[in-house]
Amino acid sequence: MGRWGRRLYKTDRARDFDHEQDRNIRRRQIYETIDRQGFQWVVVLVAGVGFFLDGYTLFASNIALPMIAYVFWTEEVSSLKLTYINVATLAGTLLGQLAIGFLADKNGRKKMYGIELVLLIGSTLGVVMCSTGTHHSMSVLTWLIWWRTMVGIGVGGDYPLSAVITSEFAPAKHRAKMLATVFFMQPLGQVSGNLVSLIVVVASKRQGEADLIRAVDIMWRWVVAIGVVPGVVALVFRLAIPETPRFLIDIDDNPIKAEFDANNLWGDSSTSSELARGTRRDTIHLSTTTDANRLHDEDIATSSVTEWDCMDDPPTTLNSNWTLSKADIVQYFWQEGNWRTLAGTSLTWLLLDFGFYGIALSNPHFLAKTWGSLNISGPTPPWKTDNSPDANIYDMFLNTSVHALVILNIGSVVGGLLMIFFANRLNRVSLQKYGFLALAALFIALGTMFITVHKAGAVAVALYILGQLIFNFGPNATTYIIPAEVFPTRYRGTCHGISAAAGKLGSILVQVFSAYYKFGSFTPGNAQTRRYGIILIVFSIAMILGAVVTHFWVPNVQEKVDGKPHRILGGNTKTLTLEVLGKGRSGPRSLPVTVRQRANQRSAYYKGRNYAEKNRPFSDTREIRNYYLLLAGAGTIFIRFLEQPPNYSECWVLTNYTLAPTTLLILFSICLYYASVGFYRLYLSPIAKFPGPRLAALTYWYEFYHNVLRRGQFVFEIRKMHEKYGPIVRITPHELHIQDKDYYDEVYPGSHKPTDKHSSISRALGTSLSVASTAPHKLHKMRRAPLNPFFSKGSVLKYSGIIQTCAEKLGTRLEGFYESKTPIDLRVAFAALTIDVISKYCYGESYNSLGKPDMDPDIYRNISSFGELAHLLKYFPWIMTVGKFLPHWVVALNRNLLIALNRKEALEVQAQAVLSDKEKGYKKKYDSPTVFHELVNSNLPAEEKSITRVMDESMTLIPAGTVTTAHMLSTTSYHILSNRHILQRLQKELQEAVPDSSHITKTPLPQLEHLPYLTAIIKEGLRISHAAVTRNPRVAPDRALQFQDWTIPPGTTVSMTASILHTDPAVFPEPQKFRPERWLQESQPNAPANGSLEKYLIPFGKGSRNCLGMNLAYAEIYMTLASVFRRFELELYETTSEDVDIVHDFIAGSPRLDSKGVRVVVVGKRD
Ligand code: HEM
């Protein structure tokens, strides 16, 4: 597993495909990559093991069912009950084929792969545990029918999935061989089923158990249960297989991930991009000038380029998440005539199964009769092949197994091997056609023999073996292979499922008929044998019809090459690519109904939503959880079974229930689930090989411990991790953290490279609709667009009067403090200012905190509490919802939660007011436009202007606009006041710029921005204050990132932390010191234009998700600092560096929790 696991996830060998922006080129790169590969053993094994299990399950049951009949219905002559069970299995199979085939097209192959296997494993265990209960409290028949139906669904699902996955991973030249090998696993499964039953019968016979019924009951349960072993093995592999590249590119519209996966799977990182670059122009030229027929005549090895004659077409795809589009269905199936292909693949399968399974080969009577060992007289139970007085029950079952092994399996194994060998060499459609005809001839021969000779024997056995051989080296394999080749990716699963389901329909019909007409029953007498002969001849008609349908409706999947004559069964054939075959009967003229038309009808909003659904960051737990929910259920029942071995006199499934074992089983399942998740994260995850603490890679509880229990300490742990592990560290099971001053532009690019936030952000902020917590790139872009104009530089300048008014108010309050000589906490004062500004901006009316006697001292603390709560909400987002319904005293146990809930209530009232203002014509009411009124009047879809949107937006915008800036202002003030020379130099600069202090608040912003020392102080303040201290995770959904030698797979969460960069001594020497001079030209004589360091100052983030309020924050900072230090003389009051040093990450930085703030006394006023 380890080797294959590594092989499937070779993250370090993939390339970064960023350079190739042309979608078509990328598509072709993937097709070429696939076509260059050899025989895909991994894929064949992963698909084949499941098919092996199908073979085992189906055919082990053929052996097990007579045993079941012996145990539960010993004396019953009618085989009707077995027919019910068989029909239930077949009906389940039909359902599974249809449903899972369709779902594989809709949701992706990978998502369905494994689920169907879990179902198969679970239901096989269900079958194993069927019982009559205590004193027949349950109906074993009902249980058997139920579980066999489930088995059927699992088996059925495997048909389209294994075929489609194999064909989509296969290079054209090996496709048929790979499919034939997968299909060959079914006879191998049958053989194993037979061998296991032989061994079980022999072992049981040796034990010489006196109670025969008990012995046989144990026997059939063993025969069926052992099949679970290959199922579990297959499951492990299936969890690891990636989505097929063809699905990703054609349906999921994710060419980059497809290419990445393709290269990872095959470790082929060499030439495709060069090839693409080299051939791109030629290809386009060729595709427009060369006609399709000529293209097809090129050799496959050199012409894979020319095969993509669809390069200028819209891709053969719906180009979005798979949607059942009536228009496309009508066009593809009806207008282009491909219904004939579907009818061809379905009808041939139906006719084959109708005829072949109609002869009831696995019936013990039939097998014994054919062998010539049937020794019964009069009506006999189906399990009994010998009713002489000294007949031994073990011998009967043993004989049935041996006969099945010879008659059924020799032929199918040899036929399967021949198929693998010739699948590429012979024309598959011809093989099917002539196979049908050969079977017809055989049926006629056998039928004639039964009619005329009236007895079976060696010749019949030989003919049946030959029949099995032709069956498997012909129609049985080709009806499975061809539907996986001839349909386009968007319908491949569905059409294969429909074709296979038609086959099962044929088997069901024939079962029903055979029960009614007793086709397979072998009561002695020539009349019966003769009747059977006639039926065989009737069935031969079905075979002839199969040949006719194949001839007219099944399209060729190979073509002759080099103009050489096309031989009947083969010759120089070349397998066509899936892309060419997918075009169907109209060939190159076939253009699917692209979403382009539909896209125009959809609003940007829905596009954003779609994008959100498609581009979720990867999550192992989500996938593993689905599997394990099913597996845990099955495991629970199974272990209960082990704990209490089968005893058909007791009901051990539903009754006899005790709490302790069940609880233990549930605990065991949970442990198993977490052990698997842990194993996956440590060894199989695409980011398993990145360095970092094992505990952090294993579980999110590591982050929880540091951020929730130790109150915002994780960011400091990250710093330590970098010291220990280097510049890239795995900090959680799904997240990498990078510390490299020059790598910011890669992780935080502009809009041209779509980048998402991680979806946990909306959980953490508890505001799914706000701009700040919108994870998907496109949706975010759309939500942010109407807010941007308010926060542009021009807009901030235009409405800088709002800040001026607040700065004046603050001045007035400071004058009051000067008079009273009482200390004032600058954090409180600045938070009052910033909240007044942002509330005015958002609602049109400020909260007027500056006007309140105590200036709302709780603002700062409450917003910090909200930041701390975010760490908890990230893990338990439901707390906010549940909290609403809990009594006040319960909520009050967590002060942060209480504050957040109160705040939400208040915001709801405000949001209501905004919406009602909208009705009344708010424009007259306010002197400047406001964010929320404009938002609800914009032309966004209604969902984007709801009360919840306004609430969510204010829940983030108001805190973001308050505490960050207030913290920066108070920290910077502390440093100015504790460094006399800085204070003096600042005061001098301000005095020279604005000689009259009463004019300072009216001084235009641009003039202040030109003051070099003030500007240097602000830069240094932004660097050292860590106003936004937390890391900022990003997800590049569709591109791999290359960091040094590391390739980071698409969809991985990657974060960087500016506060770590801002304290890196290599970039900022003596980082703990407040030194505005480092930003001045004079202190950097060699600096090019005083800009070298600015590149590394990133307090507002980078890229398309940088701070929305950056310009507003700068304006507030310039105007407030200038006005306070120009007008007043301040002195620190019982304040030390511990009151500003950041020791907690509550999104914004927070100093120690018992700090009394940055307290100052106003000691003088300046002129
Ligand atoms: C010194 C003051 C401020 C600092 C240091 C700061 C810092 C940041 C940072 C680093 C981010 C990016 C987070 C990320 O990358 O995920 C951010 C985002 C944001 N900030 Fe600020 N901020 C400040 C002031 C403000 C103000 C005054 C507002 C008021 C409008 C504001 C509103 C926002 C919003 C809405 C976002 C989310 C943007 C988005 O996701 O598109 N910030 N801030």
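Asp742 is partly exposed, with a relative accessible area of 44%, where buried means under 20% relative accessible area, exposed over 50% and partly exposed in between, with a 1.4 Å probe and protein chains only. The model is a predicted one, in which local features need pLDDT of at least 70 and side-chain atom pairs count only at pLDDT 80 or more, whereas totals for chains, interfaces and linings use all residues. Residues are numbered from 1 along each chain as its sequence is written, and side-chain values use heavy atoms, with hydrogens and water left out.

The side chain of Asp742 meets that of Lys1095 in a salt bridge with an N to O distance of 3.6 Å, a salt bridge being a side-chain nitrogen of Lys or Arg within 4 Å of a carboxyl oxygen of Asp or Glu. Asp742 lies in the loop between strand S4 (735-738) and helix H33 (744-747), and Lys1095 in the loop between H48 and H49, so the pair ties together parts that are 353 residues apart in sequence. Helices (H or I, at least four residues) and strands (E, at least two) are DSSP runs, numbered from the N terminus. Lys1095, at 49% relative accessibility, also counts as partly exposed.

By this rule the count comes to 31 salt bridges. Among them is the pair of Glu485 and Arg175, whose side chains meet at 2.8 Å, N to O. This pair links distant parts of the chain, with Glu485 in the loop between H22 and helix H23 (489-517) and Arg175 in helix H8 (residues 172-207), 310 residues apart. Glu485 counts as buried at 0% relative accessibility, and Arg175 is buried with a relative accessible area of 1%. Glu485 also forms a salt bridge with Arg428, the closest N and O atoms being 2.9 Å apart. Since Arg428 lies in helix H20 and Glu485 in the loop between H22 and H23, parts that are 57 residues apart in sequence are tied together by the pair.

Helix H22 (residues 475-481) contains Ala477, which is buried, with a relative accessible area of 1%. The C-alpha atoms of Ala477 and Phe184 are separated by 8.2 Å, although these residues are 293 residues apart along the chain. Contacts of Ala477 (heavy atoms within 4.5 Å) are made with Phe183, Met419, Phe471 and Asn472, not counting residues up to four places away in sequence.

The loop between helix H48 (1058-1061) and helix H49 (1110-1127) also holds Ser1104, which is buried, with a relative accessible area of 15%. Residues up to four places away in sequence aside, Ser1104 touches Pro749, Gly750, Ser751, His777, His780 and Arg784. Cys1107 is found in the loop between H48 and H49 and is partly exposed at 31% relative accessibility. With the same exclusion of residues up to four places away, Cys1107 touches Arg784 and Phe1100. An unreviewed UniProt entry lists Cys1107 for "binding site"; UniProt positions are given in the numbering used here, feature names are shortened, and annotations may be inferred rather than shown by experiment.

On the surface, Tyr434, Leu437, Ile544, Val548 and Phe552 form a nonpolar patch with about 450 Å² of accessible area together. Patches are made of residues with over 30% relative accessible area and no salt bridge, like charges being joined within 9 Å and nonpolar side chains (Val, Leu, Ile, Met, Phe, Trp, Tyr) within 5 Å. Accessible areas come from the Shrake-Rupley method with a 1.4 Å probe, and for residues only the protein chains shown count as cover. Helix H20 (428-452) and helix H24 (526-553) each supply at least two residues of the patch, the largest share, 3 residues, coming from H24.
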